Amino acid sequence: MSSPARVRAVKLGALLIVAVVALLVPVFETDPATVNVAVFTAMYVGLATAWNIMGGYTGYVSLGHAAFFGFGAYAFGLVLAHLGIQAGYEPFLFVPIAGALTVVLALLIGWIALRTRAATFVIVTIAMMFMIQLLAENLVGLTGGGSGLSFPVPPWSGDFFDTPFYYAMLLMAAISLAISWWIRRSKFGLGLLAIRDDEDKALAVGVPAHTYKLTAFVISAGLVGMIGAIYGYYVTYIYPQYAIDPLVGISLVLMVFLGGLGTLWGPVLGAVILEPA
Amino acid sequence: MSLLEVDALSKHFGGVTAVDGCSLSLQLGSITGLIGPNGSGKTTVFNLITGFIARDTGDVRFKGESITGLGPNRIYGLGIGRTFQLARIFPRLTALENMLVPVRRSGVRALFSRGQWHDEKDRAMEMLAAMDISHVAGLLGGSLSYGQRKLLELAAVMMARPQLVLLDEPAGGVNPALVERIGEHILELNRQGVSFLLVEHNMPFVMGLCQQIVVLHRGAVLAEGTPAEIRGNPAVLDAYLGS
């Protein structure tokens with residue numbers, strides 16, 4: 001076997017082992033407290049990977065992704081309530097709707113925010129997050145305001161309660177990773193990395209920087225919104241300061257920086273180290 | 001046939017007039033020099049042509065069509081490439097990846113297609129070889145010497161097969177041997193049909209390379225003509241070359 005083929009085989013083998021171990025966590029570990037940690041670890045793997053598509057590949061550090069996380073949770077809760085979806089497995093089928101609604105929000109916000117660069121962009125994303133939080137607080141008729149929004153409570157026993165959410169979060173982490181991997185090796189991904197290095201130069205060689213950045217922003221936000229939706233259903237009750245929490249946005253940024261900004265596996269590593277800790 | 005026409009272009013930054021009614025015309029297949037003292041507006045003219053800054057008045061036409069108001073990436077897509085005064089490459093991408101960024105693939109195809117196609121890679125390697133830097137293909141741009149960066153920048157801008165390339169001081173900051181090589185590369189690309197507009201302070205380089213020279217002074221065209229005509233123009237000698 002040639003050297004590159006051997007390296008690829010080793011990588012695939014390692015990936016398979018990690019996937020099997022991840023899949024078996026709730027089987028071998030039945031303590032709800034431990035599975036709860038696993039749920040949040042898988043959640044942050046997905047969040048950090050999704051954030052990295054924007055922040056890592058383009059170099060645009062958004063500290064406002066908590067807005068998409070919370071918006072996804074609220075959108076999901078409202079969709080479930082308006083459609084009268086009962087608790088159980090069925091709500092998971094509606095998670096993509098929360099993602100789609102988050103994408104619409106991200107298009108609006110990104111279209112404006114991405115006209116700025118560097119520190120200004122960071123500040124605009126923070127401001128945007130607090131605006132969304134304020135809206136969640138003040139649109140009482142829609143969101144319940146400070147009283148919060150309740151989700152249908154799944155009819156599962158305490159021992160089993162975390163398991164479906166663990167697999168849902170794991171699936172979202174896998175989807176985020178697959179999308180991140182695909183983008184990294186695409187022409188689009190190369191354009192994002194060029195923007196990260198020198199945006200004006202990228203423009204000069206034909207990279208449609210605004211479109212690329214907006215696309216990355218929207219993909220990133222959509223994934224975060226879907227994860228937020230699952231989170232809302234998991235905790236069964238959200239209110240503005242809890243769902244749109246600046247600490248969530250800061251945590252996932254820290255994880256990406258710790259593990260390796262702009263790399264595929266860095267966000268995974270950062271989340272696995274920081275979240276259980 | 002006129003490839004690029006700049007018509008009465010003006011640009012003010014606050015109270016400073018950077019470009020003042022500049023007009024020039026570039027012929028297809030030509031190498032034209034744009035010279036002038038520091039601060040005469042040469043780079044601003046480049047930035048106006050390539051859409052990096054918006055003009056106050058005037059028009060730029062490429063192949064008869066107005067390109068005024070278009071963004072830099074759209075202008076590059078139409079066939080106008082440019083380099084920068086200080087060689088700008090992507091430092092955290094390899095030299096080969098630097099070559100592949102300018103390859104044009106738009107829309108959904110860009111999102112879903114792989115970043116490195118074999119035919120594009122082959123062409124990139126050919127271009128690097130033509131510039132004598134194929135041995136650095138796998139190195140990060142940031143690790144290259146300044147001369148290698150200059151050559152890489154020129155090679156990369158050619159990847160989308162532009163018809164016109166604006167070179168901002170291609171001989172600036174490089175040793176005399178490399179200046180000669182860069183000149184040879186420009187002539188070779190010109191023989192292949194690429195037109196050039198270049199800003200340069202190295203007068204022997206400009207005079208030896210260009211068929212036509214435009215002299216800018218305080219943002220306006222002071223003179224234009226062949227190198228011999230420019231050399232003998234008293235106004236140019238007074239304003240720029242010195243008597």
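Modeller: In this predicted model, the place to begin is where Ala22(A), Leu23(A), Val25(A), Pro26(A) and Val27(A) of helix α1(A) meet Thr163(A), Tyr166(A), Tyr167(A) and Leu170(A) of helix α7(A). Helix α1 of chain A covers residues 3-28 and helix α7 of chain A covers residues 162-184, and their axes come within 10 Å and cross at roughly 175°. Because an angle over 145 degrees counts as roughly antiparallel, α1(A) is roughly antiparallel to α7(A).

Elsewhere in chain A, an aromatic pair joins two other helices. Phe76(A) and Tyr233(A) are arranged edge-to-face, with 6.3 Å from centre to centre and 70° between the planes. The pair links distant parts of the chain, since Phe76(A) belongs to helix α3 (residues 65-83) and Tyr233(A) to helix α10 (residues 209-235), 157 residues apart. Phe76(A) has 0% relative accessibility and therefore counts as buried, and Tyr233(A), at 0% as well, also counts as buried.

For chain B, the picture turns to strands: an open sheet of six has the order β6-β7-β8-β3-β9-β10, with mixed pairing. β6 (80-82) and β10 (220-225) of chain B stand at the edges with a single partner strand each, so one side of each is left without a neighbour in the sheet. Within this sheet, strand β3 (residues 31-35) of chain B runs parallel to strand β9 (residues 212-217) of chain B, joined by four bridges, and Ile35(B) stands opposite Val215(B) in β9(B).

Methods. Residues are numbered from 1 along each chain as its sequence is written. Chains are lettered from A and ligands numbered from 1 in the order in which they are written. This is a predicted model: local features need pLDDT of at least 70, side-chain atom pairs count only at pLDDT 80 or more; totals for chains, interfaces and linings use all residues. Side-chain values use heavy atoms; hydrogens and water are left out. Axes are lines fitted to C-alpha atoms, for helices over the stretch in contact, and angles run from 0 to 180 degrees between N-to-C directions. Angles under 35 degrees count as roughly parallel, over 145 as roughly antiparallel, 65 to 115 as roughly perpendicular and the rest as oblique. Contact means heavy atoms within 4.5 Å. Two strands pair if DSSP finds at least two bridges between them. Rings of Phe, Tyr and Trp (its six-membered ring) pair if their centres lie within 6.5 Å; planes under 30 degrees apart count as stacked, over 60 as edge-to-face and the rest as tilted. Buried means under 20% relative accessible area, exposed over 50%, partly exposed in between (1.4 Å probe, protein chains only).
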